[in-house]
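The points are grouped by topic and may be read alongside the sequence and coordinates.

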Amino acid sequence: MTPSNLVPKRIYLLRHAKSGWAEPGGRDFDRNLSDAGFAEAELLAETAADRNYRPDLVIASTAKRCRQTAEALNRVFSGLVEFRYVDELYNAPAETYLEILASTPDIPALMLVGHNPAIEEVFARLCGNEVVARTVPEGYPTSGLAVIDAVEQSWRLHDFIVG
């Protein structure tokens, strides 16, 4: 996917914060953030705001851990950012994430809050495997946020922060 006038000019890819295990008999979808995950999400949101990383729209998976991660951002941005929650991001391949990016041509800065391995695969497709290997050699961490800019006919990693 190459940048054009039909996609956002800045993309934020956020993997949800650290979650706990599913409750006995519970579903993966309903897993809560762990105590460490809540702290990660808050730190990530504050760091993003401190660096003036404010998306125009956040699209998050409806999985509980993604909603809880997005809620930390919502508290920091306090009404300045639109939030949408979509079922399609849960258990989805990278192609679904890329389709959502391509379907938001009028959004200058878009954040996706989702799951691995899709988040890491989207990162690789936009910025290349070499950038991924250099940036996240141990894999895309929880509360990892890639800030990616459209530059001419390609995508460039602007920053990577971890909560």
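This is a predicted model: local features need pLDDT of at least 70, side-chain atom pairs count only at pLDDT 80 or more; totals for chains, interfaces and linings use all residues.

**Strand pairing and the sheet**

Strands β5 and β6 are paired antiparallel, with eight bridges between them. They belong to an open sheet of six strands with mixed pairing, in the order β3-β2-β4-β1-β5-β6. The edges are taken by β3 (82–86) and β6 (154–162); each has a single partner strand, so one side of each has no neighbour in the sheet. From one strand to the next, the twist averages 20 degrees.

**The β5–β6 hairpin**

- Two residues separate β5 from β6, and the two strands form a hairpin.
- Within the turn, E152 has a positive phi of about 50 degrees.
- In general, most residues other than glycine have a negative phi, and most peptide bonds are trans.

**The β2–β3 pair**

- Strand β2 (residues 57–61) runs parallel to β3, and five bridges join the two.
- S61 stands opposite V86 of β3, and A60 has Y85 as its bridge partner in that strand.
- Strand β2 is mostly covered, five of its five residues being buried.
- Strands of a sheet pair through backbone hydrogen bonds, in either the parallel or the antiparallel sense.

**Helices α3 and α4**

- Helix α3 (residues 94–102) packs against helix α4 (residues 118–127) at an angle of about 60 degrees, and their axes are 8 Å apart.
- This angle makes α3 oblique to α4.
- The crossing of α3 and α4 is right-handed.
- On the α3 side, the contact is made by A94, E95, Y97, L98 and L101; on the α4 side, by A118, I119, E121, V122, R125 and L126.
- By residue class, the contact of α3 with α4 comprises eight nonpolar, no polar and three charged residues.
- The buried residues of α3 are A94, T96, Y97, L98, I100 and L101.
- The elements covering these buried residues of α3 include β1, β2, β3, β4 and α4.
- An α-helix has 3.6 residues a turn, so residues three or four places apart point the same way.

**Helix α4 on the sheet**

- Helix α4 also packs on the sheet, where it touches β1 (10–15), β4 (109–114), β5 (144–151) and β6.
- The direction of α4 makes about 150 degrees with that of β1.

**Backbone features in the loops**

- The peptide bond from N116 to P117 is cis, with omega near 10 degrees.
- P117 is situated in the loop between β4 and α4.
- N91, in the loop between β3 and α3, has a positive phi near 60 degrees although it is a residue other than glycine.
- With a relative accessible area of 69%, N91 is exposed, because that value lies over the 50% cut-off.
- S143 likewise has a positive phi, near 60 degrees, and is a residue other than glycine.
- The loop holding S143 lies between α5 (129–135) and β5.
- S143 has a relative accessible area of 1% and is therefore buried, the limit being under 20%.

- V81 is located in the loop between α2 (64–77) and β3.
- The relative accessible area of V81 is 8%, so this residue is buried.
- Although V81 and L57 are 24 residues apart in sequence, their C-alpha atoms are 5.8 Å apart in space.
- Not counting residues up to four places away in sequence, V81 touches R54, P55, D56, L57 and V58.
- L145 is a residue of strand β5.
- L145 is buried, with a relative accessible area of 0%.
- L145 and V113 are 32 residues apart in sequence, and their C-alpha atoms are 9.2 Å apart in space.
- Leaving aside neighbours within four places in sequence, the contacts of L145 are Y12, L13, L14, L44, A48, M111, Y140, D159, F160 and I161.

Key: Residues are numbered from 1 along each chain as its sequence is written. Side-chain values use heavy atoms; hydrogens and water are left out. Axes are lines fitted to C-alpha atoms, for helices over the stretch in contact, and angles run from 0 to 180 degrees between N-to-C directions. Helices (H or I, at least four residues) and strands (E, at least two) are DSSP runs, numbered from the N terminus. Angles under 35 degrees count as roughly parallel, over 145 as roughly antiparallel, 65 to 115 as roughly perpendicular and the rest as oblique. A crossing is left-handed if the near helix is turned anticlockwise from the far one by less than a right angle, and right-handed if clockwise. Contact means heavy atoms within 4.5 Å. Ala, Val, Leu, Ile, Met, Phe, Trp, Tyr, Cys and Pro count as nonpolar, Asp, Glu, Lys and Arg as charged, and the others, Gly among them, as polar. Two strands pair if DSSP finds at least two bridges between them. Buried means under 20% relative accessible area, exposed over 50%, partly exposed in between (1.4 Å probe, protein chains only).
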